Amino acid sequence: MSFKTIIVEHDGPVTTITVNRPDVLNALNLDVLKEMKDAVWATWTREGCMALILTGAGNKAFVAGADIAQMQGKGPAWAAQFAELGHCVCGMLEKMPRVVIAAVNGFALGGGTELSLACDIILAGNRAVFGQPEVKLGIIPGFGGTARLPRAIGRSAAMEWILAGNTWKAEDALRLGLVARVCEPDALMDEAVKLARTIASRGPKAVQAAKRLVHDGLSIPLDAALRTEASVFANLFDSDEPREGMKAFLEKRKPEFKI
Ligand code: COA
């Protein structure tokens, strides 16, 4: 599969997708979203793949939002299609049975913040900048920001981000729990790969089940989430994975999980 606006690389169990439009700070247009949809699906179904890292080309931006030059002058039908595609990509990242790590290396504005919100773990370089500046253009977040941001950082902070449209440094995002860790910019990709490889060495069924439970648990009542967890916990005991994991522990060796 060849792409014009993204770069896809495979390294064992880790796939990296890099949005590659550095001249416009990796802004998202229809072509990028279509290519991402195809690349994410290919990663979803790639045998042996355990983790996906999402990043932006160059040292200035992760993704500086939707492509304003393309969006300008468009009507509701185009906007509906654009939002649908953005939601589709974000939904796939959230649902795919692979761990998705956003390596946010610079500006992550509008659709950039929203893309990172759909990832399971966000690592940020210390020069990263987040924000939902859409109201400055007279529009609103269109790829899930109004729904995912309050869940990630709480209602009041999310309201401030979305209604004032200001930008926020990596350290603010860390304080609010949006990002898991802030790294030196030069170390960001190495840290993301290290984390991806660590996760890839764990029990694959356990990792997939835990990801699903965390996402599903955020949108259902606590009681239901706890019941589902207990049931998934029990079902896992019916597979080879916990047998191998616990046996390896007791034999003081590394487990050999089957992907
Ligand atoms: N869509 C289209 N082009 C964009 C873009 C976007 N979202 N963000 C940046 N670019 C382009 C700029 O137009 C500029 O192109 P040019 O060199 O042809 O003039 C180039 O990327 C570099 O951006 P520039 O604004 O010169 O860099 P900067 O360092 O001065 O500012 C930002 C960086 C991110 C603060 C600024 O580009 C910005 O505010 N971008 C828009 C962010 C936004 O509103 N996103 C949400 C959209 S819904």
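Residues are numbered from 1 along each chain as its sequence is written, and side-chain values use heavy atoms, with hydrogens and water left out. Because the model is predicted, local features need pLDDT of at least 70 and side-chain atom pairs count only at pLDDT 80 or more, while totals for chains, interfaces and linings use all residues.

Biologist: What is the distance from an oxygen atom of the ligand to an N or O atom in the side chain of K60?

Modeller: A polar contact is a pair of N or O atoms within 3.5 Å. A backbone N or O atom of A64 lies 2.9 Å from a ligand nitrogen, and a polar backbone atom of D23 is 3.4 Å from a ligand oxygen. For the side chain of K60 and a ligand oxygen, the distance is 2.7 Å.

Biologist: Is L25 buried, partly exposed or exposed?

Modeller: Phi of L25 is near 55 degrees, a positive value in a residue other than glycine. Most residues other than glycine have a negative phi. Buried means under 20% relative accessible area, exposed over 50%, and partly exposed in between (1.4 Å probe, protein chains only). At a relative accessible area of 25%, L25 is partly exposed.

Biologist: What is the relative accessibility of K252?

Modeller: K252 also has a phi near 55 degrees. The residue sits in the segment after helix 11 (240-250), where helices are DSSP runs of H or I with at least four residues and strands are runs of E with at least two. K252 counts as exposed, at 77%.

Biologist: Why is strand 5 (residues 99-104) largely enclosed by the rest of the structure?

Modeller: On one side V99, I101 and A103 are buried, and on the other V100, A102 and V104 are buried. Strand 5 is therefore largely enclosed, the buried residues being six of the six.

Technical notes:
A polar contact is a pair of N or O atoms within 3.5 Å; within protein, one must be able to donate a hydrogen and the other to accept it, and residues adjacent in sequence count only if both atoms are side-chain atoms.
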